[in-house]
Amino acid sequence: MRHFVYWIGRTNEWVGRAAGLLIVAVVLIIVKEVVFRGAFNAPSLWADESMTYLAGMAYALGGGYTLLHRKHVLVDLAYGPIAKRGGSLKRSVDIAGFVVFSIYCLTLVYFGWDMAVTSVQQAEGSGTLWNPPLWPVKLTIPLAGLLLFMQALANLLVDLGLAPAPALHERAGVTP
Amino acid sequence: MSVDILTLLILAALVAALMLGVPIAFATGAVACVFGVWLFDVNTLNLVVSRVFTLMGNQILVSVPLFILMAMVLEKAGIAEDIFNAAYVWSGRLRGGLAVAVIISCALMAAMVGVIGAEIVTMGVVALPAMLKRGYGKSIALGSICAGGGLATLIPPSVVFIMYALTTGSSIGQLYMAGIVPGLILAAMYIVYVMGVSYLKPEIAPAAPREETDIGLLAKLAYVKKLVLPGAVAFGVLGSLYTGIATPTEAAGLGVMGAVIAAVVNRRFSWAGMRSAIVETTKVTCMLYWLFFGASALVGIYTIAGGTEYLKELMTGLPIGKWGILLVVNLIWIALGCIIDWIGILLLTAPIFVPVLVTLGFDPVWIGVMFCMNMQISYLSPPFGPAAFYLKGAAPPSISMGDIFRSVWPFIGIQVLALGVLIAFPQTALWLPNTMLR
């Protein structure tokens, strides 16, 4: 279990970092687009769509990464006192929470996979002039669901004391 | 099953999921799945998934990480210290000068860095020890930092406005312009309050010693020099939105580029800083995307079950007139703000409240500014005022949570007053966006 927690954490860490770098690509696309449109009056067909979907895919896949760092917003008012008390109450609450969590993630995996497969079969395009195939975007959804599910499981194992918490390179973070 | 019972059941399920420690993003998603299958059939789950796909293709959502990244790059380049030092040498001779400098710097920073935590943490590290050392009372020192930090929600480029624009379909550019004047009014009210206190009780807000601020005009101007480029970036971003020559996404992308250039020119650029700016942006943005995925699924299911329509009728049917309804909405926002984050409040209540208020004849942009005013209060209000937690993390150990929460009450009073001004004079928000070229 220790290995499971470690490797899921590693995977999500790297997915998250790769996703983070995509924002650099988005910035470059924007700068390129503004310059080409402004200076050469040559807007491209693909800029808007590509950066939108790039960002969408990156941040969907990064869900597990944010979960690894436990940065998803939760309501402390309710859960805080339980977490503080610990013991068997916290353990059962954590397991129940994981079940609730899985409902959503597994829905994304199962029905997202369905949607992606249909998209491949129909060779679905976005319908714009550039008309990129949509299946890579749709395939991200079940993949992101899977990453989240695995990370939630890993976090649960850590919370139950069945595996040590993975070492994170943490910096003082802030949220808006 | 009738819609009112359904509404209560959904609410109960959501609260139960949140009590289990499930993050809001996934609690909303799971509740949507359960109720979707229960009310309709298993195919409803396709809707949950397709909501995710729709949002992944949302072009405005891309501007979120870009604005956050721009803020993070400027922050890593030490813009906050630069601004504070400049504001301090210029206002230090005033009584309560340090507290005034905090508020002025927060307002300036808000225009470059639309991220609340960053400002409060920096002020907690830079300004708070300075204030405590010079004998400022905790009430004025802590309160001014928390309240000043909150200004970032109102003064563009605020992430709250982008999220509001996405949820309600308003224009980001107009919302940004609408936030400026009320933001400045609020900052001015804080300054008046701080100065008022410093004249009534000089012992808790002394002026700076002469030798620190009498450094000659040239030296004072040198402090300002470092702010020129970052200021130009912020001004360029807002200007391009105001004139409409760039979309919010383009403006934000160019803003990132400008922030990097400003950091390089001011010799503050570092790869480590850049890296941590990207890492933090990724964490925050993933969180926001997933919140949108979940909330949009839940609101979608609730809408096809007839819930949104039901709540709208319920609200418009209240025998209290449109001002009464407006008051109720504000009270709900303030109450919710005490217990949950602005983003949860926005995603769950705005799809219902905003259309109702618009039907009653209120302007959606003005409602957005009003929402931000409410969220200012939520940042400070106990027991879960995020501003207080940020400050606690950065303050010396001698400062307790109790100290911080005691200090914010006068500032919450000022915020309520500013909310009143905004409601009484909608033009304070609306004249600037109305002068925009469309």
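## Overall dimensions

The radius of gyration is taken over C-alpha atoms, and the globule rule used for comparison is 2.2 Å times the number of residues to the power 0.38. For the 438 residues of chain B, a compact globule would have a radius near 22 Å, and chain B agrees with this because its own value is 22 Å. For the 176 residues of chain A, the rule gives a value near 16 Å, but chain A has 20 Å. Taken along the principal axes, the C-alpha atoms of chain B fill a box of roughly 75 × 45 × 45 Å, and those of chain A fill one of roughly 65 × 40 × 30 Å.

## Basis of the description

The structure is a predicted model, in which local features need pLDDT of at least 70, side-chain atom pairs count only at pLDDT 80 or more, and totals for chains, interfaces and linings use all residues. Residues are numbered from 1 along each chain as its sequence is written, chains are lettered from A and ligands numbered from 1 in the order in which they are written, and side-chain values use heavy atoms, with hydrogens and water left out.

## Composition of the two chains

Helices (H or I, at least four residues) and strands (E, at least two) are DSSP runs, numbered from the N terminus. Chain A has 6 helices and 0 strands, and its elements run α-α-α-α-α-α from the N terminus on. Chain B has 21 helices and 0 strands.

Burial is judged by relative accessible area: buried means under 20%, exposed over 50%, and partly exposed in between, with a 1.4 Å probe and protein chains only. By this criterion, 47% of the 176 residues of chain A are buried, and 59% of the 438 residues of chain B are buried. A contact means heavy atoms within 4.5 Å. In chain A, residues 24 or more positions apart account for 72% of the contacts with a separation of 6 or more. In chain B, 80% of the contacts between residues at least 6 apart in sequence join residues at least 24 apart.

## Helix packing within chain B

Axes are lines fitted to C-alpha atoms, for helices over the stretch in contact, and angles run from 0 to 180 degrees between N-to-C directions. Angles under 35 degrees count as roughly parallel, over 145 as roughly antiparallel, 65 to 115 as roughly perpendicular and the rest as oblique. Helix α5 (residues 79–91) of chain B packs against helix α6 (residues 97–112) of chain B at an angle of about 140 degrees, with the axes 8 Å apart. The arrangement of α5(B) and α6(B) is therefore oblique. Residues of α5(B) in this contact include Ile83(B), Phe84(B) and Tyr88(B), while those of α6(B) include Leu98(B), Ile104(B) and Met112(B). The contact residues comprise 14 nonpolar, 3 polar and no charged, where Ala, Val, Leu, Ile, Met, Phe, Trp, Tyr, Cys and Pro count as nonpolar, Asp, Glu, Lys and Arg as charged, and the others, Gly among them, as polar.

A second pair consists of helix α16 (residues 321–339) of chain B and helix α17 (residues 342–359) of chain B, which pack at about 175 degrees with their axes 11 Å apart. This angle makes α16(B) roughly antiparallel to α17(B). Among the residues that meet are Leu326(B), Val329(B) and Trp333(B) of α16(B), and Ile345(B), Thr349(B) and Phe353(B) of α17(B). The contact of α16(B) with α17(B) has 9 nonpolar, 2 polar and no charged residues.

## A contact between the chains

Helix α1 (residues 2–40) of chain A and helix α4 (residues 63–76) of chain B have axes that come within 11 Å and cross at roughly 100 degrees. Accordingly, α1(A) is roughly perpendicular to α4(B). Ile23(A), Val26(A), Val27(A) and Ile30(A) of α1(A) make this contact with Pro65(B), Leu66(B) and Leu69(B) of α4(B). By class, the contact of α1(A) with α4(B) has 7 nonpolar, no polar and no charged residues.

## Backbone features in loops

Most residues other than glycine have a negative phi, and most peptide bonds are trans. In the loop between α5 (87–121) and α6 of chain A lies Ala123(A), with a positive phi near 45 degrees. Ala123(A) counts as exposed because its relative accessibility is 63%. Asn131(A) is found in the loop between α5 and α6 of chain A, and its phi is near 50 degrees, also a positive value. At 40% relative accessibility, Asn131(A) counts as partly exposed.

In chain B, the peptide bond from Pro156(B) to Pro157(B) is cis, with omega near -5 degrees. Pro157(B) lies in the loop between α8 (138–150) and α9 (159–168) of chain B.
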